Amino acid sequence: KIYNEDCFETIKNKLNKKSIDIVLTSPPYNMTKRKGGVSDSGRYDVYNDWKSEEEYCSWTYELFKNLENVMKDGGVILYNFSYSIENPSLPYKLVVGIEKETNYRLVDTIVWKKRCGIPFPANKYRLSRIFEYVFVFVDKDHINDYTNNRHIKSVSAKTGQSYYDVQYNFIEAANNDGKCSLNQATVSSELVMQLLSMYCNSEAKRIVYDPFMGTGTTAVGCIKYDDGENKIEFLGSEISKEQCDYVMERIEDAKRKWSHKQLTLW
């Protein structure tokens, strides 16, 4: 299901308690606080990416507090976030604040290396950004038993120590799945699929939720990744009606190619 509404409305009134296994999302980065603001940036068709840093941090903490009610025990939040030349320290402030203000703790940081970097070299004092972070958060009571897809490869005969398959905290994936005039800040389904391969254990059906569905990349990644054995279902929230309509068309196309799932726009 894709809900055409603010994610806070969805989380509070539509999602069941302890129903979500994975939150996989890329929120607005709060990077258009420059002359003219959102009217000049054109990053989103509806959302006004124009909060003060204090407002943005408080808004993020409130999101995590609300997610506590719907995440399953051992559920994982995969939070793709980066910075702009206006707020280079914001990702680090957010991580510290989330740990201070909520029950979530950072357990891993994944580096996503994109195919090309931004911005173009028009600023003498800023490097082009070729990577972004994916912060991995879990509830503080489950830092040693959260859902992941690691498997034992060997056990030491001498000590009984288990050794697991190697999964590096480094992903190379496309920047996006193609440009869309409604949203110029999207990720790629290739990134989504690689994250699912790390954290979507296929022993049971997994529910993936994206509170900022945008153009539907998380949903498309779930459809591509679900080969019939992985048993993934997706839920999403998006405030833009035009983007929701775009998502519906995009996912129907993905279903024809990769799946037979039913999709409902609410």
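Trainee: By class, how many nonpolar, polar and charged residues are in the lining of the largest cavity?

Mentor: Good place to start, and keep in mind that this is a predicted model. The residues that line the largest cavity are Tyr79, Phe81, Pro91, Leu94, Val95, Ile98, Phe135 and Phe137. Tyr, Phe, Pro, Leu, Val and Ile count as nonpolar. Sorted by class, this lining therefore has 8 nonpolar, no polar and no charged residues.

Trainee: Which element gives the largest share of that lining of the largest cavity?

Mentor: Two or more lining residues come from each of β3, α4 (90–101) and β5 (129–139). With 4 residues, the largest share belongs to α4.

Trainee: Where do the buried residues of α7 fall when seen down its axis?

Mentor: Let's begin with the names: Gln243, Cys244, Val247, Arg250, Ile251, Ala254 and Lys255 are buried in α7. Viewed down the axis of α7, these buried residues fall within an arc of 145°, so they line one face of the helix. Glu242, Glu249 and Arg256 are exposed on the other side of α7. The buried residues pack against β1 (2–3), α6 (217–225) and β10 (232–237).

Trainee: How far apart are the end C-alpha atoms of helix α7?

Mentor: Helix α7 has 18 residues, 241–258. At 1.5 Å a residue they should span 26 Å. The model agrees with this, since the end C-alpha atoms are apart by 25 Å.

Trainee: Which residues lie nearest the centre of the second largest pocket?

Mentor: This pocket has a volume of about 470 Å³. Its lining holds 37 residues, divided into 18 nonpolar, 13 polar and 6 charged. Nearest the centre lie Ser26, Phe212, Met213, Gly214 and Glu238.

Technical notes:
Residues are numbered from 1 along each chain as its sequence is written. This is a predicted model: local features need pLDDT of at least 70, side-chain atom pairs count only at pLDDT 80 or more; totals for chains, interfaces and linings use all residues. Side-chain values use heavy atoms; hydrogens and water are left out. The expected span of a helix is 1.5 Å times one less than its number of residues. Buried means under 20% relative accessible area, exposed over 50%, partly exposed in between (1.4 Å probe, protein chains only). The arc is that of the directions from the helix axis to the C-beta atoms. Contact means heavy atoms within 4.5 Å. On a 1 Å grid over the protein atoms alone, a cavity is a set of points where a 1.4 Å probe fits but cannot get out, and a pocket is an open set with protein on both sides within 12 Å along at least five of seven lines; lining residues have an atom within 4 Å of a point. Grid points are joined across faces, edges and corners, and a volume is the space filled by probe spheres set on the points.
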